[in-house]
Amino acid sequence: MELRVFTEPQQGASYDTLLKVAKATEDLGFDAFFRSDHYLVMGDGDGMPGPTDAWITLAGLARETSRIRLGTLMTAGTFRLPGVLAIQVAQVDAMSGGRVEFGLGSGWYEAEHTAYGIPFPKARMSRLEEQLEVITGLWNTEPGQTFQYQGQHYQLTDSPALPKPHQPHIPVLVGGMGAQRTPRLAARFADEFNCPFVSVEEARQQFGRVREAAREHGRDADELVYSNALVACVGRDEDQIARRARAIGREVPELRENGLAGSPAEVVDKLGHYREAGASRVYLQVLDLHDLDHLELIADQVAPQLS
């Protein structure tokens with residue numbers, strides 16, 4: 001099972017802080033550094049020093065790291081026009097030498113839209129489907145050819161479909177717990193399907209829906225990577241676990257139930273249940289970005305037991 005580091009910078013992080021976490025991610029042997037795409041703090045806290053933009057951050061990290069994959073869980077489909085987003089992601093992929101993975105979601109947090117004057121349309125899922133069609137269509141258009149698209153929400157005429165990503169194919173992530181439309185979108189567009197913050201049984205059921213949708217779409221269900229995102233709170237002893245839980249404003253019993261909390265042995269055991277449910281990759285939601293010893297503990301005592 002692969003372990004990836006997943007950050008929530010809207011809760012309060014500068015680019016320099018994110019760079020330190022990304023470098024630790026690379027140095028400690030993790031597979032990838034991912035971040036959310038939000039502009040407003042959630043829950044308690046002031047969010048200082050303020051939000052950082054996901055793709056500007058990843059562009060910087062692309063030039064300051066050399067091995068780890070870089071991506072989003074998930075890019076908000078409400079923030080950027082799909083043609084512009086296709087250019088941005090392709091450019092960051094080139095800047096990284098072909099290490100980008102692209103998660104795209106519909107956008108859901110209305111308060112951050114009203115806070116920054118971003119339209120929050122009602123028909124977000126139909127827009128997401130068109131965005132996936134446009135972005136993948138632009139990337140897949142042969143050099144020298146043009147791309148045309150006439151949809152309900154977006155229309156493109158005689159697009160040169162440039163620039164091209166460095167990779168022949170940027171992996172696309174789709175995620176969520178919708179029972180019908182989400183699995184169908186994953187079957188059409190995704191290289192990876194992600195279940196965020198759910199129980200083992202919920203993950204098993206949703207992976208099953210996606211597998212069935214893939215088969216109905218004529219795909220081998222095993223072509224997709226199946227992954228989970230789960231909050232991490234790992235400690236060498238109960239005092240350290242409790243301290244790390246307090247630092248992120250959570251309670252240990254709740255974290256044990258809903259996330260990856262406890263000793264390294266406890267966390268390895270729980271990850272085994274997610275693996276049995278179908279996951280081959282887990283994104284560790286790391287909320288205290290100044291606690292790099294936390295990452296070192298996971299890399300030293302959890303990751304080796306999963307290979």
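Predicted model: local features only at pLDDT ≥ 70, side-chain atom pairs only at ≥ 80, totals over all residues.
**Helix packing and local geometry**

Reader: Is leucine 306 buried or exposed?

Author: The relative accessible area of leucine 306 is 1%. Buried means under 20%. Leucine 306 therefore counts as buried.

Reader: How far apart in space are leucine 306 and aspartate 269, C-alpha to C-alpha?

Author: In sequence, leucine 306 and aspartate 269 are separated by 37 residues. In space, their C-alpha to C-alpha separation is 9.8 Å.

Reader: Are helix 7 and helix 10 roughly parallel or roughly antiparallel to each other?

Author: The axes of helix 7 and helix 10 (residues 264–277) come within 9 Å and cross at roughly 20°. Angles under 35 degrees count as roughly parallel. The relation of helix 7 to helix 10 is therefore roughly parallel.

Reader: Which residues in helix 10 meet those in helix 7?

Author: The crossing of these two helices, helix 7 and helix 10, is right-handed. From helix 7, the contact involves Val200, Ala203, Arg204 and Phe207. By class, the contact of helix 7 with helix 10 has 5 nonpolar, 1 polar and 2 charged residues. In helix 10, the residues that meet helix 7 are His273, Tyr274, Glu276 and Ala277.

Reader: Is helix 1 oblique or roughly parallel to helix 2?

Author: Helix 1 (residues 15–27) packs against helix 2 (residues 54–64) at an angle of about 45°, and their axes are 10 Å apart. Helix 1 is, for that reason, placed relative to helix 2 in the class called oblique.

Reader: How do the residues of the contact of helix 1 with helix 2 divide into nonpolar, polar and charged?

Author: The crossing of helix 1 and helix 2 is right-handed. Helix 1 contributes Tyr15, Leu18, Leu19, Ala22 and Lys23, while helix 2 contributes Thr57, Gly60, Leu61 and Glu64. The residues of this contact divide into 5 nonpolar, 2 polar and 2 charged.

Reader: Which backbone oxygen does the side chain of threonine 65 reach?

Author: Threonine 65 is in the loop between helix 2 and strand 3 (69–72). With a relative accessible area of 8%, threonine 65 is buried. Leaving aside neighbours within four places in sequence, threonine 65 is in contact with Ala22, Glu26, Leu70 and Arg99. At 2.7 Å, the side chain of threonine 65 reaches the backbone oxygen of leucine 61.

Reader: At what relative accessibility does glutamine 131 count as buried, and at what distance does its side chain reach the backbone oxygen of glycine 77?

Author: Glutamine 131 belongs to helix 5 (residues 124–140). Beyond neighbours within four places in sequence, glutamine 131 is in contact with Gly77, Arg80, Pro82, Leu104 and Tyr154. Glutamine 131 counts as buried, at 3% relative accessibility. Its side chain reaches the backbone oxygen of glycine 77 at 2.6 Å.

Reader: What covers the buried residues of helix 6?

Author: The buried residues of helix 6 (residues 181–189) are Thr182, Pro183, Leu185, Ala186, Ala187 and Phe189. Their cover includes helix 5, strand 8 (172–175), strand 9 (192–196) and helix 7 (200–216).

Reader: What is omega, about, for the cis peptide bond of methionine 48 and proline 49?

Author: Proline 49 is found in the loop between strand 2 (32–35) and helix 2. The cis bond that joins methionine 48 and proline 49 has an omega of about 10°.

Reader: Near what value is omega of the cis peptide bond from leucine 73 to methionine 74?

Author: Methionine 74 has its place in the loop between strand 3 and strand 4 (75–76). For the cis bond from leucine 73 to methionine 74, omega is near -25°.

Reader: Is aspartate 158 buried or exposed?

Author: Aspartate 158 lies in strand 7 (residues 155–159). Phi of aspartate 158 is near 50°, a positive value in a residue other than glycine. With a relative accessible area of 52%, aspartate 158 is exposed.

Reader: What is the relative accessible area of alanine 161?

Author: Alanine 161 is in the loop between strand 7 and strand 8. Although not a glycine, alanine 161 has a positive phi of about 55°. Alanine 161 is buried, and its relative accessible area is 4%.

How values were computed. Residues numbered from 1 in each chain as written. Heavy atoms only, no water. Helix = DSSP H or I, 4+ residues; strand = E, 2+ residues; numbered from the N terminus. Buried < 20%, exposed > 50% of the residue type's maximum accessible area, 1.4 Å probe, protein only. Polar contact = N/O pair within 3.5 Å; in protein donor to acceptor, adjacent residues only side chain to side chain. Contact = heavy atoms within 4.5 Å. Axes fitted to C-alpha atoms, helices over the stretch in contact; angles between N-to-C directions. Parallel < 35°, antiparallel > 145°, perpendicular 65-115°, else oblique. Left-handed = near helix turned anticlockwise from the far one by under 90°. Nonpolar A, V, L, I, M, F, W, Y, C, P; charged D, E, K, R; others polar.
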